[in-house]
Amino acid sequence: MRSPRRIIDANANRAREALRLLEDLARFWLDDESIARRAKTIRHGLTSAIESAIGSKVSLVIERDTPGDVGTTISVSTETKRADVVSLASAAGSRLGEALRAIEECLKLESPAAAVQVERLRYETYELERLLLPRLARPDPYMRVCVLLTESLCEHHPWQRVAELAIQGGADGIQLREKNLADSELLDRVRWLVTLTRQAGVRVIVNDRPDIAALAQADGVHLGQTDLAPNEARSIVGPHRLVGVTTSSVREARRAFDASADMVGVGPIFASSTKPKPGLGGLDLIRAFEADEMLAGKPYLAISGIGVDEAKKLGEVGCKGVAVSSAVCSAREPETVVRAIRAALCTRAPEEAH
């Protein structure tokens with residue numbers, strides 16, 4: 001007589017495999033401990049629910065008949081292709097939900113209480129997908145050099161040419177920082193930058209204005225401490241764009257990430273030539289960020305007063321990304337400066353290189 005345990009075994013394997021993939025995407029792709037832990041907790045909860053109904057795994061394995069499984073030779077073309085990491089996660093999520101539903105129904109024949117447990121886990125996986133997929137769909141928040149582009153600082157080239165040269169030099173992002181432009185002009189500039197950067201894979205970030213970022217289909221918005229909260233800006237820019245926040249302490253950085261920020265600016269680190277900034281954090285602020293358990297591995301950019309020499313100092317204390325303004329905008333050769341800053345950030349102090 002056939003047993004439902006054969007179905008439970010097959011779908012338990014499918015579910016655990018899907019959960020492992022989702023956990024690894026959160027862990028290794030996003031460096032997101034909370035989402036990875038959520039996936040792991042569901043995976044262990046599934047094992048516990050099945051064992052409470054069936055007993056040890058052996059009770060399922062003895063029902064297994066892989067050579068006699070008629071489904072091993074059935075496939076469709078879409079199973080062999082994944083367009084991107086989002087489709088990879090989406091397929092795993094769909095497979096997970098279907099497998100859990102099959103387990104849930106079959107467990108009703110074995111243990112209704114265990115079926116209820118699996119039903120609860122199935123609802124938890126829907127929340128897991130809600131948290132994970134939008135994060136995977138957003139542009140990569142990790143940048144080595146982001147150029148803060150302001151026309152008034154562009155001494156030797158038009159702002160458009162500075163953007164082009166910065167990209168040639170290896171800039172990962174262009175953040176448009178124009179506080180005095182009319183909305184229509186600001187929107188036109190962002191749209192021009194989006195067109196310029198799309199093929200190069202360079203992120204376009206809009207300073208302060210989530211509405212403009214959304215309208216221009218930019219990659220994200222960057223906020224100050226007195227602007228909208230990250231979760232409020234998210235309701236405007238949507239789930240597929242980055243939200244960054246300027247922070248001046250570990251506490252503010254933690255609060256920004258708790259409020260759904262994807263990245264933070266950390267500073268001011270050095271004195272700025274563009275505007276006075278009291279309360280310089282210096283290299284100690286970067287050291288504190290790097291040493292903090294919650295913030296370790298989170299995407300950030302050191303901000304304020306950064307040129308090639310400063311980037312070298314930052315690299316020596318472990319900083320991996322910087323936001324640069326006048327050092328690039330006012331340069332005769334912006335591409336050369338960007339290239340030099342990227343190289344400087346790879347520097348490590350001799351005692352830290354071992």
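This is a predicted model: local features need pLDDT of at least 70, side-chain atom pairs count only at pLDDT 80 or more; totals for chains, interfaces and linings use all residues.

Residues are numbered from 1 along each chain as its sequence is written, and side-chain values use heavy atoms, with hydrogens and water left out.

**Stop 1: the cysteines.** Select Cys106. Its relative accessibility is 11%, so Cys106 counts as buried. Now jump to Cys146, which is buried as well, because its relative accessible area is 1%. How many disulfides are there? A disulfide is a pair of cysteine sulfur atoms within 2.5 Å, and by that rule the count is zero.

**Stop 2: the whole chain.** Zoom out and colour by secondary structure. The protein chain has 14 helices and eight strands. Helices (H or I, at least four residues) and strands (E, at least two) are DSSP runs, numbered from the N terminus. Of the 354 residues in the chain, 47% are buried. Contact means heavy atoms within 4.5 Å. Take the contacts between residues at least 6 apart in sequence: 65% of them join residues at least 24 apart.

**Stop 3: H1 on H5.** Select residues 5–29 (helix H1) and 112–137 (helix H5); their axes come within 11 Å and cross at roughly 45°. H1 is therefore oblique to H5. Here axes are lines fitted to C-alpha atoms, for helices over the stretch in contact, and angles run from 0 to 180 degrees between N-to-C directions. Under 35 degrees counts as roughly parallel, over 145 as roughly antiparallel, 65 to 115 as roughly perpendicular, and the rest as oblique. Show side chains for Leu19, Leu22, Leu25, Ala26 and Trp29 of H1, plus Leu128, Leu132 and Leu136 of H5, and you have the contact. By class, that contact has eight nonpolar residues, no polar and no charged. Ala, Val, Leu, Ile, Met, Phe, Trp, Tyr, Cys and Pro count as nonpolar, Asp, Glu, Lys and Arg as charged, and the others, Gly among them, as polar.

While you're on H1, click Glu23, which lies in this helix. Is Glu23 buried or exposed? Glu23 is buried, because its relative accessible area is 5%. Leaving aside residues up to four places away in sequence, Glu23 touches Ala36, Ala39, Lys40 and Arg43.

**Stop 4: H2 on H5.** The contact includes Ile42, Gly45 and Leu46 of H2 and Leu121, Leu128 and Leu132 of H5. It divides into twelve nonpolar, four polar and four charged residues.

**Stop 5: H6 and H14.** Select residues 159–168 (helix H6) and 334–345 (helix H14), whose axes come within 7 Å and cross at roughly 40°. Val162, Leu165, Ala166 and Gln168 of H6 meet Pro334, Glu335, Val338 and Arg339 of H14. Five of these are nonpolar, one is polar and two are charged.

**Stop 6: a glycine in a loop.** Finish on Gly224, in the loop between strand E4 (220–223) and helix H9 (230–237). At 22% relative accessibility, Gly224 counts as partly exposed. Its C-alpha is separated by 8.6 Å from that of Asn207, 17 residues apart along the chain. Gly224 touches Asp208 and Thr246, not counting residues up to four places away in sequence.

Notes
Buried means under 20% relative accessible area, exposed over 50%, partly exposed in between (1.4 Å probe, protein chains only).
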